[in-house]
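Please find below a colleague's note on the structure under review.

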Amino acid sequence: MRVEDNLSAVKDRIRHACERSGRNEGDIKVIAVTKYVSSERTQEAIDAGIEHIGENRIEGIREKQSTTKGQATWHFIGSLQTRKVKDVITHADYIHSLDRLSLAQEIQKRASEPVRCFVQVNVSGEESKHGLSPDEVIPFVKELKQFDKIVVVGLMTMAPFTEDEHVLRACFKKLKELQAEVVSLELSNVPCEELSMGMSNDFEIAIEEGSTFIRVGTALVGEDS
Ligand SMILES: *Cc1c(COP(=O)(O)O)cnc(C)c1O
């Protein structure tokens, strides 16, 4: 399938989810997750009108940046090792995986401009997943006050691997509730207006529950090319 055709199918699904939940389609940004696919396929996505590209490894971002043409905003969506921070902030426009103070300290040390970060939350509590537990989020963002090179633009989560709509919905709802709590703190470097949630299999539910950035790989660019 051409990315263009996949994108129009994804957009239909987005439109329907927005209709069901009374949301504005223009408020949903689609990140094409290109970690499984080639530079050529990534270029096809950019040519089809994709503005946001997501990769879970710094090597992936660097490779795609050097081999694609055209304007794109780059999202680092993988778990981030402290020693890779310098490289990641040089190349990525957003980090979706801020989940510990040592990482914040390293970003503070290395960045010359404020870095847009999502705080990753492990809502489902699955051991295999990265991120703070919901209880840790409020104390964590309060601690970030000391770091003027960090802007928390939002919260991010990965839902559990399940088809159970109730479980998925509860997970996204919880992230939205946490966001409201964070926003109410009115911390100057924590606007927290965005929610990065929803992937190929669950983005409609995520949109119904308030997502503003969906991260779509398989349904958009496929799993390999
Ligand atoms: C791979 C990945 C995605 C995309 O997954 P699909 O199911 O292929 O859409 C989204 N978010 C993160 C963090 C990922 O690692």
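This is a predicted model: local features need pLDDT of at least 70, side-chain atom pairs count only at pLDDT 80 or more; totals for chains, interfaces and linings use all residues.

1. Strand β1. This strand covers residues 29-33, and four of its five residues are buried, so β1 is largely enclosed by the rest of the structure. Burial is taken here as under 20% relative accessible area.

2. Partners of β1. Strand β8, residues 213-216, runs parallel to β1 and is joined to it by four bridges. Within this pairing, Lys-29 has Phe-213 of β8 as its bridge partner. Strand β2, residues 52-55, also pairs with β1 in the parallel sense, through three bridges. There, Ile-31 is bridged to His-52 of β2.

3. Helices α2 and α3. Helix α2 spans residues 39-47 and helix α3 residues 58-67; the two pack at an angle of about 65°, and their axes are 10 Å apart. Since angles from 65 to 115 degrees count as roughly perpendicular, α2 and α3 are therefore roughly perpendicular to each other. The crossing of α2 past α3 is right-handed. On the α2 side, the contact is formed by Ser-39, Thr-42 and Gln-43, and on the α3 side by Glu-63, Lys-64 and Thr-67. Classified by type, the residues of this contact comprise four polar and two charged, with no nonpolar residue.

4. Helices α6 and α7. Helix α6 (residues 134-143) packs against helix α7 (residues 165-184) at an angle of about 25°, with the axes 10 Å apart. An angle under 35 degrees counts as roughly parallel, and α6 and α7 are therefore roughly parallel to each other. Their crossing is right-handed. Pro-134, Val-137, Ile-138 and Val-141 of α6 meet Lys-174, Leu-178, Glu-181 and Val-182 of α7. This contact of α6 with α7 contains six nonpolar and two charged residues, and no polar ones.

5. Asp-99. Where does Asp-99 lie? Asp-99 is placed in the loop between β4 (94-98) and α5 (101-110). Is this residue buried or exposed? Its relative accessibility is 13%, and Asp-99 therefore counts as buried. Apart from neighbours within four places in sequence, Asp-99 is in contact with Gln-120, His-130, Gly-131, Leu-132 and Phe-140. Glu-193 lies 94 residues from Asp-99 along the chain, and the C-alpha atoms of the two are separated by 18 Å.

Notes
Residues are numbered from 1 along each chain as its sequence is written. Side-chain values use heavy atoms; hydrogens and water are left out. Axes are lines fitted to C-alpha atoms, for helices over the stretch in contact, and angles run from 0 to 180 degrees between N-to-C directions. Angles under 35 degrees count as roughly parallel, over 145 as roughly antiparallel, 65 to 115 as roughly perpendicular and the rest as oblique. A crossing is left-handed if the near helix is turned anticlockwise from the far one by less than a right angle, and right-handed if clockwise. Contact means heavy atoms within 4.5 Å. Ala, Val, Leu, Ile, Met, Phe, Trp, Tyr, Cys and Pro count as nonpolar, Asp, Glu, Lys and Arg as charged, and the others, Gly among them, as polar. Buried means under 20% relative accessible area, exposed over 50%, partly exposed in between (1.4 Å probe, protein chains only). Two strands pair if DSSP finds at least two bridges between them.
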